[in-house]
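Please look over the model shown here before reading the notes that follow, which go from aromatic residues to strands and sheet.

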Amino acid sequence: MTDNITYLLETVFGHDAFRPKQEEIVRGIVAGRDVLAVLPTGAGKSLCFQLPAVALPGTTIVISPLISLMKDQVDNANKKGVRALVINSDLSKAESESAYDELQVGKVKLLYIAPERFAVQKFLDMLPRLKLAAIIADEAHCVDWSYDFRPAYGRVAEYLKSFSACPRAAFTASATPDTQDDIVKKFGLRDPLRIRASFNRPNLHYGVIPKLGEGMVDVLEHIKTNRIAAGRGIIYRSTRQKTVDTAELLTRNGIKCLPYHAGLDVDIKRANQTAFAAGESPWICATIAFGMGIDIPDIRHVIHADLPKNMEGFYQETGRAGRDGKKSNCTLIYSAADLRTIKYFIEQNFRQNKDVSRMMKEESRLQTMREYAERDLCRRRSILAYFGEALPGENCGSCDVCIERKSRAEKLMRPALQKQLF
């Protein structure tokens, strides 16, 4: 006999089976449990809160820092007949007011909201008047960076810590065991159901190449040398200006690329995201801090042209590649100069706030990225070890270090083999 959860999975979402871990999470939320779910990008995280939103009476609120991902998921939900809204900085005042009005009517099943918009008093005052099904904190690892990246996440966590009107769930694709414990503590999750999937993405090839200049030319040369006809790519840069300059350089050289960052005009951002999603532009260049949470299955390349500050961010961003399970490439273009720049900013922040523990944590995370880039060790093993997971076997066989090591071993074996044959 088909129960309601299975029925909704098939009729609303068009799936005949759950992916690993999804059913446990869905049934946990529907049963009223608080949940901590650690799922890699591409594991079907959005279904885990969209299906409960349909199954439960009331509105499910999804707090997310990724504006681009909100748009994709709201559009997809509405196409499935699930009424979804978004409230973030891209909306005009009139659009925000309209969303508030519709929410209070009680027919919205899913509300995606930025942490900054959730934390304003006007929204918090409205919450008690809404019939809530669940509250979801997406990208929950951001609470660990709330002092720097998204301060509003800290305020959201403080509010939810004492909130008990409905189940709460925290989702992340990049949290170490310590960060997972922090999430439970900071959001006040009550005896949560903890679900953790493997961080290993076997279809992703990881590689590091040297940065010879400012990064733009290195990106251009890398794309020209390794161009794959199918699929598309995301390039991450550390500043808005680098984002624009890189996109312009590629486009001038016959590789269409659009910029995407928080400072762009809202209409331009929307147009660029739509063009990339539709395949009209095969490349898009985004700032690391703002992120690029587009839910597109056939992204074949993710290029970091500047060193990420930590492994969590790097893993999250590379996770945009190969969501369809097909082979895809994740390339870091590395220079020690990037390391010095990030270290300088860490020290500057310390001079302002005098927080020794925070500075040490940031420097430790940066050291992890340095080791990933510089050491002659399996890249996949390094990533998994950071998140507390062991890699089966001696090496992955699909990162640049392992492939080069295999190639060297084969070259050394060749003369001995020739002697045997001849």
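**Aromatic residues and strands**

Y344 counts as partly exposed, with a relative accessibility of 45%, where buried means under 20% relative accessible area, exposed over 50% and partly exposed in between (1.4 Å probe, protein chains only). This is a predicted model, in which local features need pLDDT of at least 70 and side-chain atom pairs count only at pLDDT 80 or more, while totals for chains, interfaces and linings use all residues. Residues are numbered from 1 along each chain as its sequence is written, and side-chain values use heavy atoms, with hydrogens and water left out.

**Aromatic pairs**

- F345 also counts as partly exposed, at 48% relative accessibility.
- A search of the whole structure finds 13 aromatic pairs, a pair being rings of Phe, Tyr and Trp (its six-membered ring) with centres within 6.5 Å, and planes under 30 degrees apart counting as stacked, over 60 as edge-to-face and the rest as tilted.
- Y100 and F123 make an edge-to-face pair, 6.3 Å centre to centre with 85° between the planes.
- Because Y100 belongs to helix α5 (residues 93-105) and F123 to helix α7 (residues 121-126), this pair ties together parts that are 23 residues apart in sequence; helices (H or I, at least four residues) and strands (E, at least two) are DSSP runs, numbered from the N terminus.
- Y100 is buried, with a relative accessible area of 8%, and F123 is buried as well, with 0%.
- The ring centres of Y344 and F345 are 5.4 Å apart and their planes lie at 70°, so the pair is edge-to-face.
- One aromatic cluster is formed by Y100, F118, F123, Y159 and F163.

**Strand β2**

- In strand β2 (residues 59-63), 5 of the 5 residues are buried, so the strand is largely enclosed by the rest of the structure.
- T59, I61 and I63 point one way from β2, whereas T60 and V62 point the other way.
- β2 runs parallel to strand β5 (residues 132-137) and is joined to it by 5 bridges, with I61 opposite I135; two strands pair if DSSP finds at least two bridges between them.
- Strand β4 (residues 110-113) is likewise parallel to β2, through 4 bridges, and I63 stands opposite I113 there.

**The open sheet**

- An open sheet of 6 strands has the order β8-β13-β12-β9-β11-β10, with parallel pairing.
- β8 (204-210) and β10 (257-260) stand at the edges, each with a single partner strand, so one side of each is left without a neighbour in the sheet.
- β8 pairs with strand β13 (residues 328-334) in the parallel sense over 7 bridges, and V208 stands opposite L332 in β13.
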